[in-house]
Amino acid sequence: MADVIFHEMAWLLLGAAAIGMLGAALRQPVIVSFIAVGLLAAALFDNSAETAGQIRFLAELGVALLLFLVGLKLDFRLVRTLGPVSLATGLGQVLFTSVIGFGIGLALGLDAVTSLYVAVALTFSSTIIIVKLLSDKRELETLHGRIALGFLIVQDIVVVITMVVLSTLGIGEGEHGGAGSLWQVLAALVAAIVVLILFVRYAADGLMGRLARTPELLVIFAIGWAAAAAALGDTVGLGKEIGGLIAGVSLGSTPYRDMISARLAGLREFLLLFFFVSIGASFDLSGLGQDLGRAIVFSLFVLIGNPLIVMVIMSAMGYRLRTGFLAGLTVAQISEFSLIFMAMGLSLGHVEPSAVGLVTLVGLVTIAISVYMITYSHQLYELAEPLLRPFDFRRTRHGAADEPEQPEIDVILFGLGRFGGQLLKRLTDAGLRVLAVDLDPQAVRAWSAHGYQVRYGDVTEPEFWNDLPLSKARWIVLAIPYGTILLTETDARSGLLSAIRSHRFSGRVAITARDDAEASRLDEGGVDLVLHPFDDAAASAAKQILDIDEAAIPPAAKKPEVLAS
């Protein structure tokens, strides 16, 4: 029997790799490929009961490890650093999706408990998928990328709170629904919090310091700690998921959490393969006809409704339509936590397997489509922009009253990030008259409050150039990377530089480059000065080190100069 299990698991892993390669060629995340593996395995092969049991065990261990790593990284203090836009969009999107999704579920004939579960599951977006897509597009450091990461953190915190509340209170008449069981779970939760506080305060650092002397022991302990906490959580009624989460939080304050997280990342992906395979294998294809219509409706709601509410909230807060649209696209799919949440409801007896299958189908559709929506986000905005204009509330907030009349200006500076902000300070200190432009309303207000000339605007909006004092400026400086501000990958010779010249600007242009290849294109395009922030900073630092080193050498110890005869 052991040989049968080994053979079946071996072919399953090989099939997962093959389908994963096909999915990667189609730019699909592995979650889609792994669920497809489960569907194919269930449809084409009759796995033994022993193999199915092994898959369930590895799936449960994978979920516990995932929640352990979430707890390891969880820091509620991050909320204070997110800013109002991340909090407003994160909480607003969760509230909107839950309320409207619940109504849609009832309208489609689902009962109240199932509708609530499905609605909450649709609120979570995949941080892993979004980070990878934005990183591949080099948009993590853009304004919409930073905002998207902010409200994804808010979503992660919401999903943690939701799971804790679900495990503690319940909402149906499942096995944990009785009053006695409720008090038992509440007592277990309080006890877990007390033990957690004591462990973190008196034992965590010392224990982890000893284990860290042997990195292999550190990894083994982390896995055992997560699994044991999950088992204990399941025993006392909190559930394996919350047990794993509490185990992660207990080690999150130690200085070794990043090392643990990095070393367990690969194992997490391997074990989650079995969770997604089990979800796909449990999908009931016979009920596909009934669920297909509901899945289409919910998928359209996620693909259109979620981005729309994010865009509306951001527009109401003063952000331009493009920024809200690009940030909103990142919530146009559901995540692995949605499936875990539904599986948790199934284990509690609150929902039927068909509800898990419905959310799985919505996940397959939304993840597969949203990948292309995010990949081609700029082109999609160009197509949708005429339809989105009614949602551009900032036109009433950033109108003519906000724009000063043509001032006397030496430099027009685009971008007030870390590099741009320092340029603004240093150029102003040098006596130059600088007009700074940024598309982040918060940055505009902050710099304006410090007495600098700052306008809200965007280099990619042609009509904005007409309001700039281009005829009076000697320099235009773009302190944001050239590639991040283009609508498409337009060549430098016919793109931005031509747009600047076409607006009667006859001064000099300086543009920031991300790498040597981009710098070469800009040089060929006729840019007067290509800025290399990292190279320039390194050169300045090296010069300071050499100057200090030179000054520290006694004159007598210096080598005499040899004069040419």
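Student: Which residues of helix H11 are buried?
Tutor: This is a predicted model, where local features need pLDDT of at least 70, side-chain atom pairs count only at 80 or more, and totals for chains, interfaces and linings use all residues. Numbering starts from 1 along each chain as its sequence is written, and side-chain values use heavy atoms, leaving out hydrogens and water. A helix is a DSSP run (H or I, at least four residues), numbered from the N terminus, and buried means under 20% relative accessible area (1.4 Å probe, protein chains only). In H11, the buried residues are Leu218, Val219, Ala222, Ala226, Ala229, Ala230 and Gly233.

Student: Within what arc do the buried residues of H11 fall?
Tutor: Look down the axis of H11. The arc is that of the directions from the helix axis to the C-beta atoms. The buried residues line one face of the helix, because they fall within an arc of 105°.

Student: Which residues on the other side of H11 are exposed?
Tutor: Exposed means over 50% relative accessible area. On that other side of H11, the exposed residues are Glu216, Ile220, Leu232 and Thr235.

Student: What is the angle between the planes of Phe221 and Trp225?
Tutor: Both residues lie in H11, 4 residues apart, about one turn of the helix. Rings of Phe, Tyr and Trp (its six-membered ring) pair if their centres lie within 6.5 Å, and planes under 30 degrees apart count as stacked. Phe221 and Trp225 are stacked, 5.5 Å centre to centre, with a plane angle of 20°.

Student: How many aromatic pairs does the structure hold?
Tutor: Ring pairs link Tyr117, Phe124 and Phe341 into a cluster. The number of aromatic pairs in the structure is 8.

Definitions and conventions: Phe/Tyr/Trp six-rings, centres within 6.5 Å; stacked < 30°, edge-to-face > 60°. Helix = DSSP H or I, 4+ residues; strand = E, 2+ residues; numbered from the N terminus.
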